[in-house]
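Please walk me through this structure.

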Amino acid sequence: MRLTRVTPPAEHPVSLQQARMQCRVDDDYEDQLIQLDIDAAVSWLDGQRGVLRRCIVDQVWRADIDRLGGYVALPFPDISSVTAVFTDEEAGSVDFDRTDRGLRIRGGLGRPATVTFTAGFGGPEDVPPAICRAILLLVGHFFEVRTGEGTAGIPREVDELISPFRLLRV
């Protein structure tokens, strides 16, 4: 299965204004740096390569499958919509039943297909407060430790906040 993000989230779960407050910055002089810190914090947590191994704000992903089996495990929880189509010359929709973390395929086994799905908690307002707080702690940390001086690594509090939401690979 090849996984591709089709549509990124429309916005981050924390705003530039919230991040400014976290960094105790009153003017817009360092907005570009703070926005870069927000982007870095979210990308460290979010999606296929993020430490949470899940999507934070709704985003659309596509899974290209060379040979469809009887079950397709979706890589993320919190799936709100799924479509699946065959990609060979016969084309057509894939007939499936949804499960908690995947699709039980009813026909067309062995054919190539594409599964498109939306994953995430919803909009920015639906993201759990602990994840938003972790993002803000990361932003503050990145803002303070700009040149490698000071405390290296990720603050311990971040890991404590995100641990209930982190999916572990088995």
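Cys132 is buried, at 15% relative accessible area. Here buried means under 20% relative accessible area, exposed means over 50%, and partly exposed lies in between, using a 1.4 Å probe and protein chains only. The model is predicted, so local features need pLDDT of at least 70 and side-chain atom pairs count only at pLDDT 80 or more, while totals for chains, interfaces and linings use all residues. Residues are numbered from 1 along each chain as its sequence is written, and side-chain values use heavy atoms, with hydrogens and water left out.

Now the sulfurs. A disulfide is a covalent bond between the sulfur atoms of two cysteines. The rule applied is a pair of cysteine sulfur atoms within 2.5 Å. By this rule the count is zero disulfides. Cys132 is in no disulfide; its nearest cysteine sulfur belongs to Cys55, 15 Å away. Cys23 is in no disulfide either, and its nearest cysteine sulfur, that of Cys132, is 15 Å away. Cys23 has 9% relative accessibility and therefore counts as buried.

Next, the aromatic rings. Rings of Phe, Tyr and Trp (its six-membered ring) pair if their centres lie within 6.5 Å; planes under 30 degrees apart count as stacked, over 60 as edge-to-face and the rest as tilted. That rule gives three aromatic pairs. In one of them, the ring centres of Phe76 and Phe117 are 6.4 Å apart and the planes stand at 55°, so this pair is tilted. The two residues come from distant parts of the chain, 41 residues apart. Phe76 is in the loop between strand E3 (71-73) and strand E4 (79-86), whereas Phe117 is in strand E7 (residues 113-119). Helices (H or I, at least four residues) and strands (E, at least two) are DSSP runs, numbered from the N terminus.

The charged end of Arg111 sits over the ring of Phe86, 3.7 Å from the ring centre. The test asks for NZ of Lys or CZ of Arg within 6 Å of the ring centre and within 35 degrees of the ring normal.

Turn to the helices. Axes are lines fitted to C-alpha atoms, for helices over the stretch in contact, and angles run from 0 to 180 degrees between N-to-C directions. Helix H2 (residues 31-45) packs with helix H3 (residues 129-144) at about 130°, with axes 9 Å apart. H2 is therefore oblique to H3. Angles under 35 degrees count as roughly parallel, over 145 as roughly antiparallel, 65 to 115 as roughly perpendicular and the rest as oblique. Helix H1 (residues 16-23) also meets H3: the axes come within 9 Å and cross at roughly 55°. That angle makes H1 oblique to H3.

Finally, the whole chain. The protein chain has four helices and seven strands. From the N terminus, the elements run β-α-α-β-β-β-β-β-β-α-α. The C-alpha trace spans about 60 × 30 × 25 Å along its principal axes. Of the 170 residues, 41% are buried. Ser163 lies in the segment after helix H4 (156-162). Ser163 is partly exposed, at 42% relative accessible area.
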